[in-house]
Amino acid sequence: MANFDNIVNTSDNFKGYTGNPPTTEAEYNALDCWVDSSLAPSWSSVSTSIALENVRVTRKAKYDLLNQDEMRYDDLVNNTTTWRDGIAAIKAAHPKP
């Protein structure tokens, strides 16, 4: 799953940190991991990005378990919606925040 480092380590402003990544806003605000702290993203932005990445990774893993090409072909031949239903079920089980 996505982690703090992958989300924030996208600019030259991130200088790194030691210890565990923050899991709360207070921990995030206590970090000294920015070259210029005025350019640091907000905790809200970081936590939302982490949550979205976690959903993306989880959905991708579930999608990869489906034989989507065969499902689409079978739906075309049999006039069914198995593939669409499978994708919808994954999206419903793992909604975006």
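This report describes aromatic pairs, a nonpolar core, salt bridges and surface features in a predicted model.

## Basis of the description

Residues are numbered from 1 along each chain as its sequence is written, and side-chain values use heavy atoms, with hydrogens and water left out. Because the model is predicted, local features need pLDDT of at least 70 and side-chain atom pairs count only at pLDDT 80 or more, while totals for chains, interfaces and linings use all residues.

## Aromatic pairs

The structure holds 7 aromatic pairs. Rings of Phe, Tyr and Trp (its six-membered ring) pair if their centres lie within 6.5 Å; planes under 30 degrees apart count as stacked, over 60 as edge-to-face and the rest as tilted. One of these pairs joins F14 and W34, whose ring centres are 5.4 Å apart and whose planes stand at 65°, so the pair is edge-to-face. F14 belongs to the loop between α1 (4-8) and α2 (25-30), whereas W34 belongs to the loop between α2 and α3 (43-65); the pair thus links distant parts of the chain, 20 residues apart. Helices here are DSSP runs (H or I, at least four residues), as are strands (E, at least two), numbered from the N terminus. F14 and W34 are both buried, a term for under 20% relative accessible area, with exposed meaning over 50% and partly exposed in between (1.4 Å probe, protein chains only).

A further pair is formed by Y28 and W43, with ring centres 5.4 Å apart and planes at 45°, so this pair is tilted. Y28 lies in helix α2 and W43 in helix α3, so the contact ties together parts that are 15 residues apart in sequence. Both Y28 and W43 are buried. Ring pairs also gather F4, F14, Y17, Y28, W34 and W43 into a cluster.

## The largest nonpolar core

In soluble globular proteins, nonpolar side chains tend to be buried together. The largest nonpolar core of this model has 9 residues in all: F4, V8, F14, Y28, C33, W34, W43, V46 and I50. Helices α1 and α3 each supply at least two residues of this core, and the largest share, 3 residues, comes from α3. Such a core is a set of buried Ala, Val, Leu, Ile, Met, Phe, Trp, Tyr and Cys residues joined through side-chain atoms within 4.5 Å.

Side chains of opposite charge can pair when their charged atoms come close. A search of the whole structure finds 4 salt bridges, each being a side-chain nitrogen of Lys or Arg within 4 Å of a carboxyl oxygen of Asp or Glu. One of them joins R56 and E53, with an N to O distance of 2.7 Å. These two residues are 3 residues apart in helix α3, separated by about one helical turn. R56 is partly exposed at 46% relative accessibility, and E53 is likewise partly exposed, at 23%.

Another salt bridge connects D64 with K60, where the closest N and O atoms are 2.8 Å apart. D64 and K60 are 4 residues apart in helix α3, about one helical turn, and K60 is partly exposed with a relative accessible area of 43%. Helix α3 also contains Y63, which counts as buried at 18% relative accessibility. The C-alpha atoms of Y63 and S42 are separated by 31 Å, the two residues being 21 residues apart along the chain.

R72 and D69 meet in a salt bridge (2.5 Å, N to O); both lie in helix α4, 3 residues apart, about one turn of the helix. R72 is partly exposed at 34% relative accessible area, whereas D69 is exposed at 56%. The charged end of R72 also sits over the ring of W83, 5.0 Å from its centre. This description applies if NZ of Lys or CZ of Arg is within 6 Å of the ring centre and within 35 degrees of the ring normal.

Y73, placed in helix α4 (residues 68-78), is exposed with a relative accessible area of 53%. Together with L76 and V77, Y73 forms a nonpolar surface patch with about 370 Å² of accessible area. Patches are made of residues with over 30% relative accessible area and no salt bridge, with like charges joined within 9 Å and nonpolar side chains (Val, Leu, Ile, Met, Phe, Trp, Tyr) within 5 Å; the areas come from the Shrake-Rupley method with a 1.4 Å probe. N79, in the loop between α4 and α5 (82-93), has a positive phi of about 55° although it is not a glycine. N79 is exposed, with a relative accessible area of 71%.
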